Amino acid sequence: MYNIIRIKIIIYEEVKEMSVGVMVELKVEDIANSIKKLKKADKEMLLLLLSGEGRELVKRARDIKTKKVKPLTREETFRDVL
């Protein structure tokens, strides 16, 4: 018997005030096999996202994209180190 994860996806559109639901069933073994096949960088990103630290990274990336904050240059980052 397989362990199955049921994921309910609800898409909500504010303009039309309607939602659409979809139920997806995934085998845990299939998810595990997919994770095993990931590249190291992708596994590290998945770990960040699952640990909650990913939310902070996504927020920081969004802030940089929307120019709310200006990222430091390499020179600014290592100014007093080198």
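This passage looks at helix α3, its crossing with helix α2, and two of its residues. The model is predicted, so local features need pLDDT of at least 70 and side-chain atom pairs count only at pLDDT 80 or more, while totals for chains, interfaces and linings use all residues. Residues are numbered from 1 along each chain as its sequence is written, and side-chain values use heavy atoms, with hydrogens and water left out.

Helices here are DSSP runs (H or I, at least four residues), numbered from the N terminus. Helix α2 covers residues 40-51 and helix α3 residues 53-65; their axes come within 4 Å and cross at roughly 100°. Axes are lines fitted to C-alpha atoms over the stretch in contact, with angles running from 0 to 180 degrees between N-to-C directions. That puts α2 roughly perpendicular to α3 (65 to 115 degrees). At the crossing, Leu-48, Leu-49 and Ser-51 of α2 meet Glu-53, Gly-54 and Leu-57 of α3, where contact means heavy atoms within 4.5 Å.

As for length, the 13 residues of α3 should span 18 Å at 1.5 Å a residue, and its end C-alpha atoms sit 19 Å apart, which agrees; the expected span is 1.5 Å times one less than the number of residues.

Further along α3 comes Asp-63, which is buried at 14% relative accessible area (buried is under 20%, exposed over 50%, partly exposed in between, with a 1.4 Å probe and protein chains only). Leaving aside neighbours within four places in sequence, Asp-63 is in contact with Lys-68 and Val-69. Ile-64, also in α3, is partly exposed at 39%; with the residues up to four places away not counted, Ile-64 touches Val-69 and Pro-71. Just after α3, Lys-67 takes a positive phi of about 65°.

Key: Angles under 35 degrees count as roughly parallel, over 145 as roughly antiparallel, 65 to 115 as roughly perpendicular and the rest as oblique.
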